[in-house]
Every structure is written in C-alpha cells, then in structure tokens.
Amino acid sequence: MKTLKTGEAAALLSVSPNTLRAWERRFGYPRPLRPSGRHRRYRSAEIAGLRDALSSGLSISSAVTVAQESLKADARSLVAALTAFSPDDADAAMEGSLALRSLERSVEEVLLPSLQEVGKSKGHDSATWALAVRWGRDWLQRARRISPATPYQGALLIGDGSHPQLDPATPYIHALELFCDRAGAAVMTLSVQACQCLPEALAAFPPDTVVLAGNAASDDHVAAWAYAVRSSVGELPFVVYHRRLSEPRPGRRTLSTSPAEAQLQIFRLLASRDLSDSCRLGQPPKRRSARNERTKRVVFGAETSTHR
C-alpha cells in the first residue's frame, strides 16, 4: 500500500498542508495513518480518488462523498462474491481493499460489515452464511500467520464461548485475535467447554488478562471455566467481548464491539498491570521468528467481574 507524506498529498491536491489537515478535521477524510513515532501518512489511493473528484468541479464536501462511495465498492464486491458462493472472488475483493486501506481498516470497514450484511440478508442458518463465516475465519487466520513480529506486550487468554461454525460473534473474535497479535500480545484461545488439563495449559501460558467472548456457551459453562482459570493463576482482570450479560453489574468491564477499539482497551489494561506478577508463575511465551509457530489465540465467554 503506497502512502504519501502530508506535503506530498497536499501537492497532489493542489492545496496547502494546513488545508488538508482542516479537511481531515471537518470531514474525517482523507484519514491518515499515524505510525507510532512517525508523521502522518496518507494512502495514495484515497488522495487520488479525492483529486479526481475535485478535478470534476465538485465542492470539497461532495468530492469527499464521491471518494468515500468509491471505497464502499469493495464491501459491495465482497458481499456479491460471498452470496455467489465464490471464495476466490471474495479474496480478490479483499485484495482490492488492502490496496486502499490498512489491514485493520480492511477488516473493520469491509470484511466484518460484509459478513454482517450476508447474515442479515440470508439468515444465520443459511448455507450462504455458513460459507461466509468460514471464509472470513480462514482469511483472518491467514492474515494472522503472516503478521510481522512486534515487541511483546503481554499475554492474553480468550475464553471462546462462541459456536465455531455459525455464531455471528466468531469473525469478531478472530479479528480481535489478529489485531492483538499484530500489536504485540501473545494470544491463546481456549474453548470454555474445555476445563480438563486447563492448569497445565495455564502453567505453559500464564495470562495477564482474560477475555470472555461469544454467546453460544451457557453462563454455567463460562462461570465454571472462569473459576478454573482463577483457581490456577489467581485473580486476573476479566473482560467481556461480544457476549450478552444476563445480570449486568457495576464494575464489570465490557469491551467495545469494534475489534480495533477492543484491542486498544485490552492494551490499556495490560499496561496498567505489573507484568512481573504474571512472570512469577512462569516466563511469558517467547516470541519466535516464525509467526505461525507461535501459540496465540483468544477465548471469550460470559459474564464476569473485573479483578485487579
């Protein structure tokens, strides 16, 4: 994905850098990348689309609308591919999106909304949805395997309470795994249905935070799994993601439904903890050069309260 510095993007649009930043504040577009410790970088494709719209004589507000609509074409292409039972065309639609957006934005703005649209229009008990959710899972897992190595930020355990095949929460759980992995967390996902040998798993992978996700598992299963985790590693922060709570309680943490926002919330929680506490239970998993050799996945379940 080609990017441009602020001055380069402004020059292509024949405006000053101050004007470009004013458009960003007013319209939220073009939206720059902000790599850590670096200056704004604008996506070349977004700048080109905005330039073409402006060159046709449109006002800036109309040009922004036209440019944004052109980006929505990827989501429409993905929905069409999935409803036509064509995984290859779905892959091509995502490739087109990645030429215009970061991976995280492609997932949030194209993949997840498209899956939502398929589930809404065809039903979550349809063959169309079954193919779509499986394709989405496979695509996210492929993206995770080729994620670049990043500095270690902590260990995240996900208690997966979703239905592995048809649960609408499943793509969101895989997206959270991907985003946390790319940001530097070691992630392990375990089903909340499996409590046997859990102490051995947690001895090998001592978590700093636990996420409970998915609505398929009963509250009893989730509570039993959470109790087993606490019995093995002591008190840890528990947070909830894409799970309806039967009895909301004050102090209970519920993550944003957006995987990008949820990842930021988790990392703020990780940063607030003293990681030496978890190290007393064993060393954090070492990061390997081959990403696909790393044990990382997140599990989500039901209601729980937050402990510090």
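A cavity here is a set of points, on a 1 Å grid over the protein atoms alone, where a 1.4 Å probe fits but cannot get out. Searching the whole structure turns up 1 cavity of 30 Å³ or more. What you're looking at is a predicted model, where local features need pLDDT of at least 70, side-chain atom pairs count only at pLDDT 80 or more, and totals for chains, interfaces and linings use all residues. Numbering runs from 1 along each chain as its sequence is written, and side-chain values use heavy atoms, with hydrogens and water left out.

**The overall picture**
- The protein has 12 helices and 7 strands, taken as DSSP runs numbered from the N terminus (helices are H or I, at least four residues; strands are E, at least two).
- Of the 308 residues, 46% are buried, meaning under 20% relative accessible area with a 1.4 Å probe and protein chains only.
- Take the contacts (heavy atoms within 4.5 Å) with a separation of 6 or more: 77% of them join residues 24 or more positions apart.

- Five strands form an open sheet in the order β4-β3-β5-β6-β7, with parallel pairing; two strands pair if DSSP finds at least two bridges between them.
- At the edges sit β4 (185-191) and β7 (253-254), each pairing on one side only.
- Strand β5 (residues 209-213) runs parallel to β6, and the two share 4 bridges.
- Along that pairing, V210 has F238 of β6 as its bridge partner, and L212 stands opposite V240.
- In a regular strand, side chains alternate between the two faces of the sheet.
- Strand β6 (residues 238-241) is covered on both faces: F238 and V240 are buried on one side, V239 and Y241 on the other.

**The cavity and R134**
- The largest cavity holds about 30 Å³ of space, a volume being the space filled by probe spheres set on grid points joined across faces, edges and corners.
- Its lining is V133, R134, R137, P164 and Q165, where a lining residue has an atom within 4 Å of a point.
- By type, that lining splits into 2 nonpolar, 1 polar and 2 charged residues.
- R134 belongs to helix α7 (residues 127-145).
- R134 counts as partly exposed because its relative accessible area is 44%, which falls between the 20% and 50% limits.
- R134 and L166 are 32 residues apart along the chain, and their C-alpha atoms are separated by 8.4 Å.

Definitions and conventions
On a 1 Å grid over the protein atoms alone, a cavity is a set of points where a 1.4 Å probe fits but cannot get out, and a pocket is an open set with protein on both sides within 12 Å along at least five of seven lines; lining residues have an atom within 4 Å of a point. Ala, Val, Leu, Ile, Met, Phe, Trp, Tyr, Cys and Pro count as nonpolar, Asp, Glu, Lys and Arg as charged, and the others, Gly among them, as polar.
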